Amino acid sequence: MSRPIELLEEVSKKMSNLDFSKTIEFKSDDELTRLGKNINNMAQVLKNNIDELNNLNSQMKIELKEKEKLINFEKDF
């Protein structure tokens, strides 16, 4: 009984450090299994959101560099 709880603790601790590499896999259909599935779903949503934010951040950096080039061009002109 304690092993599933230890696994839930291990995976949730990794998630708190933004490590989504480990998932929870139980074979039964009890409360701990449902909790594990919910944690897996939450991890996937968080990972997707973080990836999307990182992509948007990269795009914004590129746009900022382009704007800075335009501003410098205008100054030089």
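User: What share of the contacts in the protein chain with a separation of 6 or more comes from residues 24 or more positions apart?
Analyst: The share is 44%, where contact means heavy atoms within 4.5 Å. This is a predicted model, in which local features need pLDDT of at least 70 and side-chain atom pairs count only at pLDDT 80 or more, while totals for chains, interfaces and linings use all residues. Residues are numbered from 1 along each chain as its sequence is written, and side-chain values use heavy atoms, with hydrogens and water left out.

User: How do you know that the span of helix α1 agrees with its number of residues?
Analyst: The expected span is 1.5 Å times one less than the number of residues. For the 15 residues of α1 (residues 2–16) that is 21 Å, and the end C-alpha atoms are 21 Å apart, so the two agree.

User: What makes Met 15 count as buried?
Analyst: Buried means under 20% relative accessible area, exposed over 50%, and partly exposed in between, with a 1.4 Å probe and protein chains only. Met 15 has 10% relative accessibility, so it counts as buried.

User: Which residues does Met 15 touch, not counting those up to four places away in sequence?
Analyst: Phe 20, Ile 39, Met 42, Ala 43 and Leu 46. From Met 15 to Ala 43 there are 28 residues in sequence and 6.8 Å in space, C-alpha to C-alpha.

User: Why are the buried residues of α1 said to line one face?
Analyst: In α1, Leu 7, Leu 8, Val 11 and Met 15 are buried. Seen down the axis, the buried residues fall within an arc of 100°, so they line one face of the helix; the arc is that of the directions from the helix axis to the C-beta atoms. They pack against α2, whereas the face turned away carries the exposed residues Glu 9, Lys 13 and Ser 16.

Key
Helix = DSSP H or I, 4+ residues; strand = E, 2+ residues; numbered from the N terminus.
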